[in-house]
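Please open the model in your viewer and keep the selection panel at hand.

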Amino acid sequence: MERKIIQTSDGSSSVYLPQWDENYHSKHGAIQEAYHVFIKSGLDLFKDGSKLGILEMGFGTGLNCMITYLEAKKRNLTIDYQGLEGYPLETELIFELNHLEQLKAEHESIVYQSIQTSDWDERVKMHPQFDLTKREVMFEDYQGKEVVDLIYFDAFGARVQPELWTETIFKKMYEALKIDGIIVTYAAKGSVRRAMQAVGFNVERLPGPPGKREMLRGIKSLTTE
């Protein structure tokens, strides 16, 4: 599938798929979307010094992973990070993106390169308190029971991949989370919210990142509302 590099409104670059008319990140800003959806609405709910497991559904360019690593160092977090991707991007293409520069994290170039070039399906220690396992697997084939505290649900939109926004997939996400675990996504469609609620999540609408009115966050609790 053809892939093109584009620039988003906050100056950070992304990847565009002409065949689907779909971007890997928001055209309104790749980096600011990542911070708003996954850090502000997800990681920020955990106390500094916490130890947690994170599952990213849609590893893509590795941007969310890199930002999480940077934030983990600031907050003294110990993180076991799993990134699932059915169709890995070529590393040559990823290295053409300007994410490291835009994050002002050139001093972490070795870690960034390791995130991109580490072998798939192998656990790699990026830092004494940050482990990464990239898994080349389709979402439908993921299996995990109460293994993570936070899920970044960053799949392509339901317009192009509706099968990834179903009760079947969200049931897997619910099962993967520990009690009081959190799932965050940029999506806000009513059908997505209902699918999340149907499998047991307590779902709340939150203000969305630039360009989106709302986004969703779900919590796995012992009681549902």
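Begin by selecting Trp165 and Phe170, which touch the most other members of the largest nonpolar core, a set of 74 residues. Such a core is a set of buried Ala, Val, Leu, Ile, Met, Phe, Trp, Tyr and Cys residues joined through side-chain atoms within 4.5 Å, where buried means under 20% relative accessible area with a 1.4 Å probe, protein chains only. Its largest share, seven residues, comes from α2. This is a predicted model, in which local features need pLDDT of at least 70 and side-chain atom pairs count only at pLDDT 80 or more, while totals for chains, interfaces and linings use all residues. Residues are numbered from 1 along each chain as its sequence is written, and side-chain values use heavy atoms, with hydrogens and water left out.

Next, select helix α6 (residues 167–176), where Ile169, Phe170, Lys172, Met173, Tyr174 and Ala176 are buried; helices here are DSSP runs of H or I with at least four residues, and strands are runs of E with at least two, numbered from the N terminus. The buried residues of α6 pack against β4 (51–57), β8 (148–153), β9 (177–185) and α7 (190–198).

Finally, select α1 and α2, residues 30–40 and 63–75. Here Ala30, Ile31, Ala34, Tyr35, Phe38 and Ile39 in α1 meet Leu63, Asn64, Ile67, Thr68, Glu71 and Arg75 in α2.

Definitions and conventions
Axes are lines fitted to C-alpha atoms, for helices over the stretch in contact, and angles run from 0 to 180 degrees between N-to-C directions. Contact means heavy atoms within 4.5 Å. Buried means under 20% relative accessible area, exposed over 50%, partly exposed in between (1.4 Å probe, protein chains only).
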